[in-house]
Amino acid sequence: MTDAAIPRFTGDASPYAGGDPYADHRTADFPFTHLVDLADRRLGAGVIAANDEFFAERENLLKPGPAVFDPEHFGHKGKIMDGWETRRRRGVSAAEPHPTPDDHDWALVRLGAPGVIRGIVLDTAHFRGNYPQTVSVEGASLPGSPSPEDLLAPDVKWTTLVPRTPVGGHAANGFAVDAEQRFTHLRINQHPDGGIARLRVYGEVAPDPAWLTALGTFDLAALENGGQVEDASDRFYSPATNTIQPGRSRKMDDGWETRRRRDRGNDWIRYRLAAQSEIRAVEIDTAYLKGNSAGWAALSVRDGEDGDWSEVLPRTRLQPDTNHRFVLDGPVRATHVRIDIFPDGGISRLRLYGSLTGEGAAGLAARHRELGG
């Protein structure tokens with residue numbers, strides 16, 4: 001992946017002229033958006049501080065879904081925008097009315113899950129002439145739950161992830177990141193001022209092995225614990241990654257649903273666990289999938305990149321809108337898991353309960369050290 005391959009957008013967008021406000025939104029297919037959004041609110045991410053949010057609140061940066069635009073929505077401070085927008089910066093005097101080259105606004109973001117960042121999108125949707133001229137992003141890794149004051153302390157090491165770069169208005173501005181480190185927090189800088197609608201931070205979760213060891217038994221497939229979706233047969237209605245998000249599904253599109261099959265095949269998802277583990281219990285949830293849940297499901301495991309698949313849960317009837325629980329006959333060692341659903345439909349969540357093997361724990365600890373954890 002090279003940064004040069006990613007489209008760059010600069011300059012103003014045309015003023016809104018009515019109709020679909022996204023009709024002239026500039027965007028691209030970025031090569032990293034299949035990865036987990038480490039700044040997802042469902043994982044616990046938050047915008048914990050900003051130096052200014054006069055026109056629009058910093059928390060809007062992490063809202064799910066695209067930014068909404070209402071041309072008639074005004075308040076006492078002016079146009080209300082669905083994003084983070086700061087006031088216009090000014091110079092120090094009538095003789096020097098313009099901000100200095102170093103003047104900028106900033107926001108501190110706690111990632112929902114610490115991890116290795118592969119790409120960042122700063123979307124200026126609907127900020128057509130009031131977006132920042134340039135942006136930059138820095139990352140830091142601090143243990144525990146640091147306060148904004150802790151993060152702003154002079155001894156905190158910040159690593160540049162996106163150097164100061166011009167961006168465009170009403171555009172999804174994407175940046176590839178090449179930093180093989182584990183980060184817990186970001187500092188988003190906009191120079192000198194303006195508005196950003198949404199922040200997305202794509203990467204790979206790097207869990208704390210000490211925490212997982214202390215837990216003992218945990219969900220080995222969960223995003224927050226380092227599980228990930230490697231591939232899926234179909235993502236037509238919703239992403240397969242939804243099946244390992246925190247909590248139970250709260251609506252139909254918060255799970256995984258495939259298009260209707262018209263052949264004799266079946267749909268599937270392949271997962272990579274946090275590390276080599278022993279699985280002892282399984283949950284397959286079809287919450288909110290009532291007329292479109294999978295009819296049957298089977299579970300297979302593999303130990304290693306090239307191991308053979310072995311079925312551990314034979315094809316089993318699923319009920320709509322139901323959480324199904326299965327205790328395996330004995331611990332099953334695995335690094336990868338595949339769920340097959342028959343013939344199509346969907347599930348909302350898959351939970352795989354167990355613990356790390358000695359080899360898995362050692363590998364996770366070594367990776368943690370490599371990433372600076």
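Me: In this predicted model, is Phe236 buried, partly exposed or exposed?
Reply: The relative accessible area of Phe236 is 46%. Buried requires under 20% and exposed requires over 50%. Because its value lies in between, Phe236 is partly exposed.

Me: Which geometry does the aromatic pair of Phe236 and Tyr237 have?
Reply: The structure holds five aromatic pairs. A pair of aromatic rings is described by the distance of the centres and the angle of the planes. For Phe236 and Tyr237 the centres are 4.9 Å apart and the planes stand at 85°. Planes over 60 degrees apart count as edge-to-face, so the pair of Phe236 and Tyr237 is edge-to-face.

Me: Which geometry does the aromatic pair of Phe32 and Tyr202 have?
Reply: The ring centres of Phe32 and Tyr202 are 5.9 Å apart, with 35° between the planes. An angle under 30 degrees would count as stacked and one over 60 as edge-to-face.

Me: Where is Pro239 placed, and is Pro239 buried, partly exposed or exposed?
Reply: Pro239 is found in the loop between strand E14 (228-232) and strand E15 (256-257). Leaving aside neighbours within four places in sequence, Pro239 is in contact with Gly255 and Trp256. The relative accessibility of Pro239 is 42%, so this residue counts as partly exposed.

Me: How many residues does the largest nonpolar core have, and how many are in another core apart from it?
Reply: Ile117, Ile120, Ile279, Ile284 and Ile339 have the most contacts inside the largest nonpolar core, which has 75 residues. Apart from this core lies another, with Ile6, Val121, Ala172 and Tyr202 among its members. The count for the largest core is 75, and for the other core it is eight.

Me: Over which ring does the charged end of Arg317 sit?
Reply: The charged end of Lys77 sits over the ring of Phe54, 4.6 Å from its centre. For Arg317, the charged end is 4.6 Å from the centre of the ring over which it sits, and that ring belongs to Trp296.

How values were computed. Residues are numbered from 1 along each chain as its sequence is written. This is a predicted model: local features need pLDDT of at least 70, side-chain atom pairs count only at pLDDT 80 or more; totals for chains, interfaces and linings use all residues. Side-chain values use heavy atoms; hydrogens and water are left out. Helices (H or I, at least four residues) and strands (E, at least two) are DSSP runs, numbered from the N terminus. Buried means under 20% relative accessible area, exposed over 50%, partly exposed in between (1.4 Å probe, protein chains only). Contact means heavy atoms within 4.5 Å. A nonpolar core is a set of buried Ala, Val, Leu, Ile, Met, Phe, Trp, Tyr and Cys residues joined through side-chain atoms within 4.5 Å. Rings of Phe, Tyr and Trp (its six-membered ring) pair if their centres lie within 6.5 Å; planes under 30 degrees apart count as stacked, over 60 as edge-to-face and the rest as tilted. A charge sits over a ring if NZ of Lys or CZ of Arg is within 6 Å of the ring centre and within 35 degrees of the ring normal.
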